[in-house]
Amino acid sequence: MLENCQNAKERWGGVSIIIDRWLQERQDMLVQYCDVGSADQSEEVRGEKLRNLCQILVDYVSAGHFEIYDQLIKEGREFDDEEALQEAGRLFTIVDGTTEKLLDFNDKYLETDDLSSLDSDLSQLGETLEIRFSAEDRMISVLHTKHKDLVNG
């Protein structure tokens, strides 16, 4: 019964913290991405940095799919925001379309030490990440930021 009495701030205020942590992980991943792209390093060092990038990439993708998107959808439902939920569905289709590409990149470089196509693959990875980030940012906007005043009010 007490749980049913929680106000919006108690219920959804923590989502901002989860999202902030996830966006920090995104920033860390971008730093790793840039670091791997730097040509001024030995192949061994670059390979180690690539493994670090792959790990944070998989962690980021997993957090989105198994934590963040779920929370955003729950919040949209709680505020009975059908318009936002419909847009989120379209955005999730875009995000989901990038997931396989990101995981393929990870799988490729977990299985090989051949870095001959890495620069080209990093370029494609960057384009894929840009598409994903844009869709994720919009999902955050329509499902969470839009309700900020209601949560904090």
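Predicted model: local features only at pLDDT ≥ 70, side-chain atom pairs only at ≥ 80, totals over all residues.
A crossing of two helices is called left-handed if the near helix is turned anticlockwise from the far one by less than a right angle.

Let's start with the whole chain. Of the 153 residues, 39% are buried. The chain exposes about 9100 Å², and carbon and sulfur atoms account for 48% of that area. Contacts across the sequence are worth a look too: among those between residues at least 6 apart, 82% join residues at least 24 apart.

The largest nonpolar core has 37 residues, and the members that touch the most others are Leu50, Leu53, Phe105 and Leu125. Four helices each supply at least two residues of this core: α1 (8-37), α2 (43-78), α3 (82-110) and α4 (118-143). The biggest contribution is that of α2, with 11 residues. Leaving aside residues up to four places away in sequence, Phe105 touches Leu50, Leu53, Cys54, Leu57, Leu118, Asp121, Leu122 and Leu125.

How are these helices arranged against one another? Two packed helices are described by the angle between their axes and the distance between the axes. Take α2 and α3 to begin with: their axes come within 10 Å and cross at roughly 165°. Angles over 145 degrees count as roughly antiparallel, which means that α2 is roughly antiparallel to α3. The crossing of α2 past α3 is left-handed. On the α2 side, the contact includes Leu50, Leu53, Cys54, Leu57, Val58 and Val61, while the α3 side includes Phe92, Val95, Leu102, Leu103 and Phe105.

Moving on to α3 and α4, you will find an angle of about 155° and axes 9 Å apart. By this angle α3 is roughly antiparallel to α4. Here as well, α3 passes α4 in a left-handed crossing.

The remaining pair to visit is α2 and α4, which pack at an angle of about 20° with their axes 12 Å apart. Angles under 35 degrees count as roughly parallel, so α2 and α4 are roughly parallel to each other. Among the α2 residues that meet α4 are Leu50, Leu53, Leu57, Tyr60, Val61 and Tyr69; their counterparts in α4 include Leu118, Leu122, Leu125, Phe133 and Glu136.

Is Glu136 buried or exposed? Glu136 lies in helix α4, and its relative accessible area is 1%; because buried means under 20%, Glu136 counts as buried. Not counting residues up to four places away in sequence, Glu136 touches Trp22, Arg26, Tyr60, Tyr69 and Val95.

For a contrast, look at Thr93 in helix α3. With a relative accessibility of 57%, Thr93 counts as exposed. The C-alpha atoms of Thr93 and Ala135 are separated by 9.2 Å, although these two residues are 42 residues apart along the chain.

Definitions and conventions. Residues numbered from 1 in each chain as written. Heavy atoms only, no water. Buried < 20%, exposed > 50% of the residue type's maximum accessible area, 1.4 Å probe, protein only. Contact = heavy atoms within 4.5 Å. Areas by Shrake-Rupley, 256 points an atom, 1.4 Å probe, with all protein chains shown as cover. Core = buried A, V, L, I, M, F, W, Y, C linked by side-chain atoms within 4.5 Å. Axes fitted to C-alpha atoms, helices over the stretch in contact; angles between N-to-C directions. Parallel < 35°, antiparallel > 145°, perpendicular 65-115°, else oblique.
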